[in-house]
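Please keep the sequence and the model at hand while reading.

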Amino acid sequence: MIPPAETPELRNIAIIAHVDHGKTTLVDQMFRQSGAVKQGRQMEERAMDSMDLERERGITIAAKNCSVVWHGVKINILDTPGHADFGGEVERALSMVDGAILLVDAAEGPLPQTRFVLGKALEMGLAMVVVLNKIDRDDARPAEVLNEIYDLFIDLGASDEQIEFPALYSVGRDGTCKGSMEEEGGDLTLLFETVIKTVGPPRFDPAEPFQMRVANLDYSDYLGRLAIGRVVHGTAHESDALVCIGRGGESRPLRVTRLQVYDGLEIRHVSAVGPGEIAILAGIEDVEIGDTICTREQPRALERITVDEPTVAMRFGANTSPLAGREGAIVQARKIRERLRKETLQNVSIQVEEQVDDSILVKGRGELQMAILIETMRREGFELTVGRPQILFKEENGQRLEPIERLFVDCPEALIGVVSEKLALRKGRMVNLVNHGSGRVRMEYSIPSRGLIGYRNEFLTDTRGAGILNTYLDGYEPYRGDFPSRLTGSLVADRAGDAVAYALFHLEPRGTLFIAPGDVVYRGMVIGEHSRDRDLIVNPCKTKKLTNMRASGRDDNILLAPVQPMTLERAIEFIKEDEAVEVTPKSIRLRKQELAASAR
Ligand SMILES: Nc1nc2c(ncn2[C@@H]2O[C@H](COP(=O)(O)OP(=O)(O)OP(=O)(O)O)[C@@H](O)[C@H]2O)c(=O)[nH]1
Ligand SMILES: [Mg+2]
């Protein structure tokens with residue numbers, strides 16, 4: 001039954017796309033043109049990417065709300081991340097909206113994450129507006145890309161209504177758009193009008209009491225825990241006595257202490273929130289994403305938000321290296337456990353499981369998601385040890401199933417050999433190869449998720465940055481058999497001390513070093529990659545026999561190859577099963593789990 005009432009002056013939309021197709025940039029322009037940027041105020045570029053890590057990396061990590069007003073209609077806009085590892089953010093954002101703008105790069109066309117987010121949006125029955133973005137690119141091919149988008153809609157089983165989507169063409173960066181390639185581009189008026197027309201106003205049932213589904217959590221020092229979500233029916237007022245219905249159907253009483261809504265890039269205090277509005281409600285500490293907040297008289301839970309299952313797991317534990325406690329303020333296993341628990345409250349796509357040995361298994365969607373969590377924690381002052389990412393298997397009728405990805409490689413023709421050789425080693429099967437005739441090829445593989453751990457960096461090196469690699473989770477298949485996680489061994493330090501140039505110089509022919517002269521090392525620390533397939537125990541502190549006075553430390557005559565700084569992602573991808581990464585606010589070190597060679 002269609003509820004009989006609507007809120008004509010309100011719209012809730014999400015912007016979804018593959019990574020880097022221009023979502024956040026377009027939201028910026030919608031902002032500027034709607035007049036949401038107050039007179040005399042400066043607005044930063046890609047203002048929605050407000051987290052430090054987002055600004056540093058130029059990617060969106062968390063979905064965020066904002067709002068604009070267009071000719072009297074308030075549009076709540078949710079900017080979502082495009083990277084596959086943050087897919088949980090998209091699923092949760094879509095639970096708050098009635099429609100979505102699907103942005104597609106007019107040169108790159110639909111890519112794996114376009115498929116993932118569109119699939120989710122269609123499944124939820126959202127109204128779609130398609131925007132072909134970046135038509136200013138020299139290699140833009142809008143007509144072809146539009147056809148590919150139609151194919152994708154059909155392939156994903158879109159309804160007749162959904163498939164009749166309006167398509168616009170835009171240069172998000174300049175804030176221009178048009179209805180066809182033949183027209184002159186204007187400002188974003190056409191986009192606003194199309195969104196308002198295509199995405200209907202929120203509908204609700206006036207006979208129902210207040211119901212709100214919690215889709216996000218935040219925290220304010222002043223107000224405490226904040227529950228964010230869409231009001232599905234009814235109205236709530238400040239100081240109302242309500243209940244929160246949790247996962248098991250249990251209800252906890254609460255009193256609303258403050259209500260707020262999104263107003264531009266800020267939030268605004270209101271005394272009541274009505275149906276359709278996205279509300280920020282304070283007054284309950286004990287609340288989880290997916291809970292329903294409703295009246296005490298008619299407590300009825302809405303369907304919980306479901307997100308896809310995690311596919312990778314990593315072990316987090318206290319830092320047990322000999323250097324523990326020197327660089328970070330928070331080192332206790334208990335504090336790490338508390339912090340990770342808190343993370344699961346904010347992020348439904350992360351789960352934690354305590355292990356018998358006091359470590360914690362953290363489950364999520366991918367290595368980047370894990371790396372961002374670890375990076376956030378080290379900036380908060382934590383020291384940690386983390387293990388190699390493991391893929392989560394499934395058991396079905398006694399058979400072990402593993403996640404399989406669809407992998408798309410776009411690279412110069414000359415590199416087919418090296419790429420396909422590496423992928424075959426990792427149990428990848430080629431399912432398609434298209435030669436564009438332009439010197440570039442597109443290959444499609446079916447490959448275990450396991451095979452992709454550590455591959456991205458290798459791929460970048462092998463293709464010298466000229467290749468593009470994209471994946472999406474294709475499903476589960478029987479285990480395809482073992483293969484080594486890395487073909488090379490490690491160079492492992494045999495003692496504690498400071499690395500010496502003389503020693504490193506003599507180790508260089510053995511492989512690639514991760515440390516520089518003067519770096520502190522300890523027994524069992526991995527200081528480089530061995531070029532052979534086994535570990536090599538070495539002494540990086542060895543000095544020249546004391547025939548001259550400058551024996552230790554710096555030796556001006558020795559020229560060493562520059563050492564690439566170890567990044568968290570590189571470290572996580574590099575380590576083997578019996579190795580770990582030591583993370584502190586200042587350093588990233590690789591190590592053997594067992595530091596004593598005799599115990600390994
Ligand atoms: N040529 C061109 N580049 C654009 C346009 N719009 C955005 N870009 C560039 O594309 C890159 C990615 O833009 P973002 O807005 O961060 O993309 P996004 O979709 O929000 O990325 P994620 O949130 O990380 O998925 C930036 O370098 C932008 O400057 C456009 O219309 N034309
Ligand atoms: Mg973005």
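Which residues does Ala-227 touch, not counting residues up to four places away in sequence? They are Met-212, Val-214, Asn-216, Leu-217, Ala-279, Ile-280, Leu-281, Val-287 and Ile-293. The model is a predicted one.

**Domains**

- The domain assignment of the protein chain lists domain 1 (5-203), domain 2 (208-295), domain 3 (319-386), domain 4 (394-478) and domain 5 (489-599).
- Taken over C-alpha atoms, the centres of domain 2 and domain 5 are separated by 53 Å.

- Ala-227 belongs to strand S11, which spans residues 224-233.
- Ala-227 counts as buried because its relative accessibility is 0%, and buried means under 20%.
- Although Ala-227 and Asn-216 are 11 residues apart along the chain, their C-alpha atoms are separated by 6.3 Å; Asn-216 is also among the residues that Ala-227 touches.
- Arg-225 is likewise found in strand S11, and its relative accessibility of 8% makes it count as buried.
- Leaving aside residues up to four places away in sequence, Arg-225 touches Leu-217, Asp-218, Tyr-219, Leu-281, Ala-282, Gly-283, Ile-284, Glu-285, Val-287, Leu-345 and Gln-346.
- Between the C-alpha atoms of Arg-225 and Glu-396, which are 171 residues apart along the chain, the separation is 40 Å.

**Strand S23: Leu-384**

- Leu-384 lies in strand S23, formed by residues 384-387.
- With a relative accessibility of 0%, Leu-384 counts as buried.
- Its contacts, not counting residues up to four places away in sequence, include Phe-316, Gly-317, Ala-318, Asn-319, Ile-336, Ile-374 and Met-377. Leu-384 also touches Val-581, Glu-582 and Val-583.

**Helices H3 and H4**

- The axes of helix H3 (residues 87-94) and helix H4 (residues 112-123) come within 10 Å and cross at roughly 25°.
- H3 is therefore roughly parallel to H4, since angles under 35 degrees count as such.
- On the H3 side the contact is made by Gly-87, Val-90, Glu-91 and Leu-94, and on the H4 side by Gln-113, Phe-116, Val-117, Lys-120 and Ala-121.
- These contact residues of H3 and H4 divide into five nonpolar, two polar and two charged.
- The crossing of H3 and H4 is right-handed.

Conventions
Residues are numbered from 1 along each chain as its sequence is written. Chains are lettered from A and ligands numbered from 1 in the order in which they are written. This is a predicted model: local features need pLDDT of at least 70, side-chain atom pairs count only at pLDDT 80 or more; totals for chains, interfaces and linings use all residues. Side-chain values use heavy atoms; hydrogens and water are left out. Axes are lines fitted to C-alpha atoms, for helices over the stretch in contact, and angles run from 0 to 180 degrees between N-to-C directions. Helices (H or I, at least four residues) and strands (E, at least two) are DSSP runs, numbered from the N terminus. Angles under 35 degrees count as roughly parallel, over 145 as roughly antiparallel, 65 to 115 as roughly perpendicular and the rest as oblique. A crossing is left-handed if the near helix is turned anticlockwise from the far one by less than a right angle, and right-handed if clockwise. Contact means heavy atoms within 4.5 Å. Ala, Val, Leu, Ile, Met, Phe, Trp, Tyr, Cys and Pro count as nonpolar, Asp, Glu, Lys and Arg as charged, and the others, Gly among them, as polar. Domain bounds come from an automatic or database domain assignment. Buried means under 20% relative accessible area, exposed over 50%, partly exposed in between (1.4 Å probe, protein chains only).
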